[in-house]
Structure formats: structure tokens, C-alpha cells
Amino acid sequence: MEAAAAMEAGRKLAARHPHGRSRTAHNMSSSSLRKKSDAALVRKVPVAPLRPVLANLQEVFLGTKLAVLFPAVPLAIAAQCFRFDQVWVFALSLLGLIPLAERVSFLTEQIALYTGPTVGGLLNATCGNATELIIAMFALVKGKIEVVKCSLLGSVLSNLLLVLGTSLFCGGVVNLGADQPYDRKQSDVSTGLLFLGVLCQSAPLLLRYAVAAGEHSVATAAASLDLSRACSFVMLASYVAYLFFQLKTHRQLFEPQEVDGGEGDAGDEEEPALGFASALFWLVLMTVVISVLSEYVVGTIEPTSQSWGLSVSFISIILLPIVGNAAEHAGAIIFALKNKLDITLGVALGSATQISMFVVPLSVLVAWIMGIQMDLDFKLLETGSLFIAVLVTAFTLQDGTSHYLKGVLLLLCYIVIGACFYVARQPAGQANSNGALLDVPTGSMSIKMSPEQNNIEDSKQCT
């Protein structure tokens with residue numbers, strides 16, 4: 001049987017890799033939403049060859065508390081095939097992405113049990129935010145640069161303010177009589193990288209305003225693109241250095257402490273539940289399904305925006321990250337309730353760092369390869385919100401202890417930023433970056449911009 005073979009392989013791997021059971025905070029957070037599979041029904045199947053297959057299917061589809069949301073996946077595909085209202089396709093696709101994202105984390109962890117902690121860490125570094133990356137790639141293919149930028153920015157804001165704020169608030173309320181300490185070293189590393197990311201994303205914006213003010217004279221379009229691509233290489237280089245720091249030289253700083261004991265803790269699952277081939281097959285299949293649903297989300301976001309009366313930027317920055325990351329967000333809150341803030345910080349800060357320093361620059365470089373002029377100019381409101389979010393988070397985590405008021409402050413910051421994007425409205429027909437001529441006021445002058453220049457300016461000035 002495959003299950004018995006997987007358990008035996010797990011014992012051999014545990015003996016071969018003494019650190020093989022060390023797991024990332026991201027995987028441990030997702031594991032809090034998993035549940036043990038009951039093999040009693042599978043044993044009653046009269047056809048013996050079917051039992052391993054059914055056990056495999058049960059582990060993949062029923063081994064999570066989010067299994068109730070799996071029906072949304074075929075419903076979304078059916079709604080698209082039978083041309084239902086686009087709002088239904090959008091909503092069902094978002095719901096279907098929730099369990100799929102959790103299963104990708106589970107399957108990545110299963111593969112990591114066979115490959116060792118270093119390769120497992122690299123898999124998590126690339127697959128940890130697979131949903132955001134796939135949505136960004138499909139939006140790029142369709143030329144919706146604004147959706148790419150807003151969805152990635154929203155993921156960072158959501159992790160720093162909403163997820164971390166909710167976790168600190170809930171953990172502080174439940175543990176009123178107990179101190180909630182955490183290791184500052186991990187948070188210092190992450191916030192340092194996030195500040196570098198803010199600097200790289202602010203540089204094209206500062207250049208644009210410096211040129212508009214007449215302080216410098218450069219070819220704005222070409223200079224902004226060149227600067228953005230150079231900064232993207234810097235961000236990716238810093239992320240590679242961060243991975244080497246996390247997985248090799250200072251691994252002990254990122255290993256969650258005191259996770260043993262307690263029902264449902266991540267330390268229970270030491271042995272693989274799936275074979276390597278099965279885990280790899282299901283990982284590829286889940287990624288394909290996520291790609292299909294992501295294409296539906298990107299294709300229906302504008303009709304949904306018109307139907308709901310919300311701007312595309314609000315849906316991309318607020319709604320997409322909340323729903324798309326619901327699984328790991330719930331896991332982060334659960335561990336905060338258990339007074340395990342190191343895991344919570346590893347999830348929230350780790351995911352924000354991965355998006356900011358890996359997915360964002362990768363999107364710019366992939367767009368370059370595709371011949372799409374995407375830069376790092378996220379515009380003033382978006383860049384300012386990101387800077388404030390990173391600054392507030394850094395100050396909140398500077399003392400190494402937590403209480404519920406810190407969570408309240410982070411949540412209130414998120415509400416204010418969400419209100420900004422809610423009241424902001426984009427001119428009609430400017431959801432993409434290849435719009436028509438746009439008049440942009442600069443002081444007392446009005447500059448008529450061509451579509452090529454409009455690509456660099458993102459053709460999105462809030463009114």
C-alpha cells in the first residue's frame with residue numbers, strides 16, 4: 001500500500017535527516033486547518049486495489065477543514081462554461097481558490113519531507129504565494145497592469161495590517177493574563193527587507209515627480225522603466241540573500257519554538273501522508289486548477305467592479321488578498337490564540353516579504369520579457385500606504401512583546417487605508433495601462449501624454 005510505503009519512507013528520512021522535521025511557519029500555519037483522515041470507510045471497500053487510490057483521494061480532498069469549499073471549484077467552471085453572470089464566476093472562483101491554496105501548502109510540505117529542509121524551504125519560497133503569482137501572471141498576459149500592481153500591493157498590506165493585526169488582537173484578548181513574547185530577530189530581518197522594497201518601489205515615483213517639478217531633465221518613460229528593472233534585480237538579489245540567511249546560516253532564527261504538545265499542533269505530522277510521486281502529481285494538478293480559476297478571476301474582475309459599484313483597485317487591493325489568503329490567515333490567528341506568536345509573525349511577515357521582494361520584481365522582469373512596459377511606479381496613494389504600513393508594523397514589533405492594543409492599531413490603519421481606496425474612483429476606461437491620451441495636471445501646466453508614456457504613468461490618476 002502507498003500509505004504504508006510513505007510511512008516507511010518517512011522513518012528512513014527522519015533517520016537520514018535529523019533536521020527534517022523542522023518546518024516553516026507558513027506550513028505550520030496551514031497545518032492548523034488540517035484534520036486526520038478516517039481510514040475506516042476505506043478499509044470497508046471490498047475491492048482491495050481501490051483502497052490505496054481512495055485513501056489517496058481522501059487525504060487530498062478531505063484532509064482539510066476547508067473541504068466544504070471544494071464544490072465551488074466545479075461550480076465556477078460550470079458557471080463559466082454555461083455563461084452564467086460574471087459576478088457568479090468571480091465569486092465562485094475566489095471561494096474555490098481558498099482550499100486550493102491550502103492544499104498547495106500541504107503538498108509542498110509533503111514533498112519537502114522527501115527532499116530535506118533546504119529544498120523544502122526553497123519550495124515554500126516559490127510556492128508559498130502561488131495564488132498571487134499565478135493571478136499576477138494571467139493579469140500580465142491580459143495587459144491588466146493595474147490589477148497586477150494592486151493585487152500584489154494588497155497582499156502585502158493585508159499580511160502586515162489585517163492578518164497581523166487580527167492575530168495580535170485575538171491573541172491578546174485570549175491571553176490577557178499572560179505575556180506574549182516573540183523573537184525580535186526574525187521580525188527585524190523581515191521589516192528591513194520590506195523597507196528596502198519600499199525604497200525600490202518609491203524610486204520611480206520620486207523620479208517622476210522630480211522631473212515634473214523641473215528639478216531634472218530625463219526621458220521619463222525610458223528612465224522609469226530602466227530604473228524599475230534595475231531595482232527589480234536588486235530586490236531579487238536581496239531575496240536570494242534572505243533565503244541563504246534563512247535556510248543556511250541563521251536557520252535557528254526562523255524555526256518556530258515550543259510547538260510540541262497540544263491537539264492539532266503542527267508537530268504531529270512527522271511522517272508523510274502521501275508518496276512522493278502522488279504529492280508531485282497532485283501539486284501539478286492543483287496548480288493547473290488554480291491557474292484556471294485565476295484566469296476566471298482576472299477576466300471577470302471588471303464586470304464585477306461595475307456590478308458591485310466598487311473600483312477595480314479596491315477589489316484588487318482589499319477583496320482579492322482577503323479571500324485568496326484566507327487559509328494561511330486563519331492559521332496565523334489560530335497560533336496567536338495558542339500564544340505562539342513566532343509562528344504568526346513567520347506567516348504574516350514571511351508572506352509579505354515574499355510578495356514584496358520576490359513576486360513584485362519577478363512580475364516586472366517577466367513583463368519585460370513579454371514586451372510589456374510594467375514598472376515599479378505604484379503611484380502616490382499606493383506607495384504612501386505601503387510605506388506607512390511597513391513603518392507602523394516595524395514600530396509595533398520593536399519591543400518583543402505583544403498585547404491586544406497593538407492589534408487594534410494595525411487593524412485601524414488597515415481600515416483607514418481601505419477607506420482611501422474605497423472612495424477613490426478611476427476614470428472610466430482606465431483599468432488597463434494601454435488607454436488613450438490622458439491629461440495630467442502638473443502645477444499650472446497640463447501635459448498631454450501618449451499611450452506609450454501612459455504605460456509608464458499607469459494611466460491611473462485618481463479623481
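Entry 1, terms. Axes are lines fitted to C-alpha atoms, for helices over the stretch in contact, and angles run from 0 to 180 degrees between N-to-C directions.

I have a predicted model, in which local features need pLDDT of at least 70 and side-chain atom pairs count only at pLDDT 80 or more, while totals for chains, interfaces and linings use all residues. Residues are numbered from 1 along each chain as its sequence is written, and side-chain values use heavy atoms, with hydrogens and water left out.

The protein chain has 463 residues, and 53% of them count as buried (under 20% relative accessible area; exposed is over 50%, partly exposed in between, with a 1.4 Å probe and protein chains only).

I found the axes of helix 9 and helix 14 (residues 326–337) 8 Å apart, at an angle of about 30°. The two helices are therefore roughly parallel to each other. On the helix 9 side, the residues that meet helix 14 include Ser158, Val163, Cys170 and Val174; among their partners in helix 14 are His329, Ile333 and Leu337. Contact means heavy atoms within 4.5 Å.

I then took helix 9 (residues 145–174) with helix 16 (residues 380–396): the axes come within 11 Å and cross at roughly 25°. This pair is therefore also roughly parallel. Helix 9 contributes Leu153, Leu157 and Leu164, among others, and helix 16 contributes residues including Leu386, Ala389 and Val390.

I checked pLDDT, the predictor's confidence in each residue, from 0 to 100. The protein chain averages 78, and 74% of the residues score at least 70. Confidence is highest in helix 16, at 93, and lowest in strand 3 (residues 438–442), at a mean of 38. Over residues 433–463 the pLDDT is below 50, and the model gives this stretch 70 contacts beyond near neighbours in sequence. Residues 259–269 also stay under 50, with 23 contacts beyond four places in sequence. Where pLDDT is low, the predicted coordinates should not be read in detail.

Conventions: Helices (H or I, at least four residues) and strands (E, at least two) are DSSP runs, numbered from the N terminus. Angles under 35 degrees count as roughly parallel, over 145 as roughly antiparallel, 65 to 115 as roughly perpendicular and the rest as oblique.
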